[in-house]
Amino acid sequence: MFSVNRRGFLQRAAGLLVAAGIGRAGGDGALPLEARAEAAPGAEPARLPIRPRAAALMAKKEEAAKSPPAEPWNELPIRALSLYSPFPQDVAAFCAFVRDALPKEGVNTLVVMFDYRCRFVSQPDLPGKKLLSLADVRTIAAACREAGVTLIPEMNLLAHQSEQIEIGPLLAKYPQLDESPDLNPPNPWRSGGEFDFYSKCLCPRHPDLFPIIGPMMDELIDACGASAFHVGLDEAWIVAHPQCPRCGGSDPAEVFAEYVTRLHTRLASKKCRMWMWSDRLIDANKTGLFAWQASRNNTHRAIDQIPKDIMICDWKYEDAPPTPSYFAVKGFDVLPSSCYNAGAALGQLEQVYLVRKNASRAFFSPTISSRMPGVFATTWMNAQDFIDTYYAKPGFQPTDNTKNTVDTFKRLFAEIRKNSSTPKAEKTA
Ligand SMILES: [Zn+2]
């Protein structure tokens, strides 16, 4: 199925030689390329002579021919939605939504932000109200299995340890894990924009951290029967805080990469693939993206220091910049992730299709094209509000943000179904 032939390859190689000042533009084609390369004094010594280069490419082509054919561009292997975990009284309605709506919409992956809102056996006195029992988590997992949906649990394992003036449950119980005890939420709360306090972060190098978070991760993985785990890591503005006795003075990219790698190792030991948000791996200064969407705190160089088999969830809610391609070229699988702007979500889907369509152009194309396996619709509101809005429950008044998020989800998945050639009933098989 691959269309490259030797003639086409040699023509392109000749073009490269011309571009490199070897041979001449509009050449007659009579002089063998190998001879032209050999006849070029002062040619770049680092470049392979044509014959070995051609042989290497042909060998790669033969190897590629043994691989399975490229995935069809319009059949997305991952079609994901995120929801917050429900309150205990809403578990039944949550499960009914999973069974009814997700197969119809074509969702095959559900990321649930359980965070610290569970009654963990390993942390029985973690503060919080309306906590889910692990039996509730298992009930949700059973509904997902019934619906043919892969369930991925999520926890915030770096930032989001405070919300406005409120300190989150983990730091409330274990204040020693605070990366910046000297920085506290402004009270009364005011938003300081992208250069001021945002939310508390954990100290990734604190010796107590893994003994505390590790067992909680394991409990969620076991209750969900999960083969992947989302560790969060978004919007972490306080990394390698100068006053932290363990991290201060270190390179923030190194501290971040070290933590990512440690989480990855732990998840690998549970046979779980790691998912994480993208923003700390993108340079905000170069891209003009805000401090939430990209790093202004020098963590972005970690992109070259972390394992490549992490699934990157590249959240962009207002527009659709080409950042997913950046991750794909770096060697990561990536899911463009939308929220409340349908135009941006459809723009991200278009990018995924564009990259996936390229898979059939040349024998070497599937490598990058296969790194965009789908899209991820995120929602950041009470799950029951999302569900009530989805069903247009009489009497329920959603906020504009909720309405836009539901609308974005519906339009994104309608477009995916429109482009898919798989009968609907088979989509969640
Ligand atoms: Zn620290």
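Q: Which strand pairs with strand 6 over three bridges in the parallel sense?
A: This is a predicted model, where local features need pLDDT of at least 70, side-chain atom pairs count only at pLDDT 80 or more, and totals for chains, interfaces and linings use all residues. Residues are numbered from 1 along each chain as its sequence is written. Helices (H or I, at least four residues) and strands (E, at least two) are DSSP runs numbered from the N terminus, and two strands pair if DSSP finds at least two bridges between them. Strand 6 covers residues 228-230, and its parallel partner over three bridges is strand 7.

Q: What stands opposite tryptophan 277 in strand 8?
A: Strand 7 also runs parallel to strand 8 (residues 311-315), with three bridges joining them. In that pairing, the residue opposite tryptophan 277 is cysteine 313.

Q: How many of the five residues of strand 7 are buried?
A: A residue is buried if 20 or more other C-beta atoms lie within 10 Å of its own, exposed if 12 or fewer, and partly exposed in between, with C-beta atoms placed from the backbone. Strand 7 (residues 273-277) is largely enclosed by the rest of the structure, because its buried residues number four.

Q: Which residue in strand 10 is the bridge partner of leucine 81?
A: Strand 1 (residues 78-84) is mostly covered, with six of its seven residues buried. Five bridges join strand 1 to strand 2 in parallel, where leucine 81 partners leucine 110. Strand 1 also pairs in the parallel sense with strand 10 (residues 374-377) over four bridges, and there the partner of leucine 81 is alanine 377.

Q: Within what arc do the buried residues of helix 7 fall?
A: In helix 7, the buried residues are Ile213, Met216, Met217, Glu219, Leu220, Ala223 and Cys224. The arc is that of the directions from the helix axis to the C-beta atoms. Seen down the axis, the buried residues line one face of the helix, because they fall within an arc of 160°.

Q: What do the buried residues of helix 7 pack against?
A: Two residues are in contact if their C-beta atoms, placed from the backbone, lie within 7 Å. By that test, the buried residues of helix 7 pack against helix 5, strand 3 (150-154) and strand 6.

Q: Which peptide bond is cis, with omega near 10°?
A: Most peptide bonds are trans. Proline 188 sits in the loop between helix 6 (169-173) and helix 7 (209-224). The cis bond is the one from asparagine 187 to proline 188.

Q: Is aspartate 115 buried or exposed?
A: Aspartate 115 lies in the loop between strand 2 (109-113) and helix 5 (134-147), and its phi is near 50°, a positive value in a residue other than glycine. There are 21 other C-beta atoms within 10 Å of aspartate 115, so it counts as buried.

Q: How does asparagine 298 count, with 18 C-beta neighbours inside 10 Å?
A: Asparagine 298 is in the loop between helix 9 (284-287) and strand 8. Although asparagine 298 is not a glycine, its phi is positive, about 60°. Because it has 18 C-beta neighbours inside 10 Å, asparagine 298 counts as partly exposed.
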